[in-house]
Amino acid sequence: MSVAERLEEEEVAASSGRSLGPSDTSPDEGVVEDLPLIDEKAVEQLTEGLISHYLPDLQRSKSALQELTQNQVVLLETLEQEISKFKECNSILDINALFSEAKRYHNKLVNIRNEMMMLHEKTSKLKKRALKLQQKRQKEELEREQQREKELEREKQLTAKPARRT
């Protein structure tokens, strides 16, 4: 808005009885009129110059970011592989622990079996010995009984018999 137009508006406002305040005028009012006409070709050339100035840096930044994201993907895959290896190691350790525990229990079973075999042998020997002792006692008892019978018969024979009268 030009100075003349502004003065004219103030006069109109004063004659109508109202004053012109700062809120009555638009800040954009007259901007287009105040700017000189800009040549479209100049704008295009300036735009191209600006783009040509910053475009190589932006393209390098873009390629660097792409390379960085590719490296991150590779790193994440490698990290996942390492994590799976650690999990396998832990499971192998668990398996090793299970095998060592199984070996320990196997050894216990072997020891128990050996002890049972040894006890079986001892009981078999004791049974044989007990049977021999029982047979020996029976034999001795039988011999004593026979000896007693012999002694009784001998005593009978030795006892005086009354003579028979005939």
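Biologist: How many salt bridges does the count come to?
Modeller: The count comes to 4 salt bridges. Keep in mind that this is a predicted model.

Biologist: Fine. Which residue forms a salt bridge with R60?
Modeller: D57 does. The closest N and O atoms are 2.1 Å apart.

Biologist: Where do R60 and D57 lie?
Modeller: Both are in helix α3, which covers residues 40-158. They sit 3 residues apart, about one turn of the helix.

Biologist: Is R60 buried or exposed?
Modeller: R60 counts as exposed, at 51% relative accessibility. The cut-off for exposed is over 50%. D57 is partly exposed, with a relative accessible area of 38%.

Biologist: Next pair. What do the side chains of E82 and K85 meet in?
Modeller: A salt bridge, at 3.6 Å from N to O. E82 and K85 both lie in helix α3. Their spacing is 3 residues, about one turn of the helix.

Biologist: And how accessible are E82 and K85?
Modeller: E82 is partly exposed at 33% relative accessibility. K85 is partly exposed too, with a relative accessible area of 44%.

Biologist: Which side chain does E140 meet in a salt bridge?
Modeller: That of R144, at 3.8 Å from N to O. The cut-off is within 4 Å, so this pair counts.

Biologist: How far apart are E140 and R144 in helix α3?
Modeller: They are 4 residues apart, so about one helical turn separates them. E140 counts as partly exposed at 33% relative accessibility. R144 counts as partly exposed as well, at 48%.

Biologist: Change of topic. Which residues gather in the patch of negative charge on the surface?
Modeller: D39, E40, E44 and E48.

Biologist: Where is D39 placed?
Modeller: In the loop between α2 (31-34) and α3. D39 is partly exposed, at 47% relative accessibility.

Biologist: What about nonpolar surface? Which residues make the patch of about 500 Å²?
Modeller: L50, I51, Y54, L55 and L58 make that nonpolar patch. Take I51 as one of them. I51 is in helix α3. Its relative accessible area is 46%, so I51 is partly exposed.

Biologist: Zoom out for me. How many helices and strands does the protein have?
Modeller: It has 3 helices and 0 strands. From the N terminus on, the elements run α-α-α.

Biologist: What share of the residues is buried?
Modeller: Buried residues make up 2% of the 166 residues. The cut-off for buried is under 20% relative accessible area.

Biologist: Last topic, confidence. What pLDDT does the protein average?
Modeller: The average is 84. At least 70 is the score for 75% of the residues.

Biologist: Where is confidence lowest, and where is it highest?
Modeller: Lowest in α2, at a mean of 54. Highest in α3, at 94.

How values were computed
Residues numbered from 1 in each chain as written. Predicted model: local features only at pLDDT ≥ 70, side-chain atom pairs only at ≥ 80, totals over all residues. Heavy atoms only, no water. Helix = DSSP H or I, 4+ residues; strand = E, 2+ residues; numbered from the N terminus. Buried < 20%, exposed > 50% of the residue type's maximum accessible area, 1.4 Å probe, protein only. Patch = residues over 30% accessible without salt bridge, like charges linked within 9 Å, V, L, I, M, F, W, Y side chains within 5 Å. Areas by Shrake-Rupley, 256 points an atom, 1.4 Å probe, with all protein chains shown as cover. Lys, Arg positive; Asp, Glu negative; His and termini not counted. Charge placed at Lys NZ, Arg CZ, Asp CG, Glu CD. pLDDT = per-residue confidence, 0-100.
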